[in-house]
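Reader: Hi! Could you walk me through this one? I'm new to reading structures.
Author: Happy to, let's look together.

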Amino acid sequence: GKAFLHSDPRTALESYIRELHELYYPWYDRKQRLYKRQWQVLQWLTVVSGFATSVLAALLQDRSFSGPTWARALLVLLPIVGSLASTLLMQARSLELMALREKGRQTIQYLVSFSKNRFAMLSSPEELSKFHEWLIEEVSKLAQEQAAGFVALAPTKFDLAPKPAAKSGER
């Protein structure tokens, strides 16, 4: 197996850059794609359920809603699915979370690319150690920004209560 701790600054920095590339980058990429997929599915359900309800209502209108029981049940279920998907779309903040994780992915990609370039130019143990410290600080800043952004976006509860109307003159 690979050594966890390194006494050589060059090996330690190389190991850390590899860790960022092999663990951090795929994590951000996976999370970004997950939130994107979640947003796409909820968006699709919202649109399709509304459209399908309209089409089904128009078809059943000719028969004065005396059509099959499953069709009438769908007239009730489709708007429920659409409303639920729409509520989840707003509450889950998938699009914003996707953007947050994409920013993280881009930052890690930049740090890895920049580090690979610098790694080739650094020669003394002091330079290597100083750059390694800088890189750790940058990754730590990113982690703090990502955590704060996630907490700010993540729903703490599903807020279904109506919002108070704005007073006249307020916007």
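Author: Let's begin with a pair of charges: the side chains of K103 and E145 meet in a salt bridge, N to O at 3.6 Å. The term means a side-chain nitrogen of Lys or Arg within 4 Å of a carboxyl oxygen of Asp or Glu.

Reader: Where do K103 and E145 sit in the chain?
Author: K103 is in helix α3 and E145 in helix α4, 42 residues apart, so the pair links distant parts of the chain. Helices here are DSSP runs of H or I with at least four residues, and strands are runs of E with at least two, numbered from the N terminus.

Reader: Before I go on, what kind of model is this?
Author: This is a predicted model, where local features need pLDDT of at least 70, side-chain atom pairs count only at pLDDT 80 or more, and totals for chains, interfaces and linings use all residues. Residues are numbered from 1 along each chain as its sequence is written, and side-chain values use heavy atoms, leaving out hydrogens and water.

Reader: New topic: is S94 buried or exposed?
Author: S94 counts as buried because its relative accessibility is 0%. Buried means under 20% relative accessible area, exposed over 50%, and partly exposed in between, using a 1.4 Å probe and protein chains only.

Reader: What does S94 touch, then?
Author: Apart from neighbours within four places in sequence, S94 is in contact (heavy atoms within 4.5 Å) with Y35, Q38 and W39.

Reader: What about the inside? Which residues touch the most other members of the largest nonpolar core?
Author: They are L13, I17, L20, I108 and L135, out of 15 residues in that core. Helices α1 (9–61), α3 and α4 (125–153) each supply at least two residues of this core. A nonpolar core is a set of buried Ala, Val, Leu, Ile, Met, Phe, Trp, Tyr and Cys residues joined through side-chain atoms within 4.5 Å.

Reader: Which residues does I108 contact?
Author: Leaving out neighbours within four places in sequence, I108 is in contact with L20, Y24, Y25, Y28 and L142.
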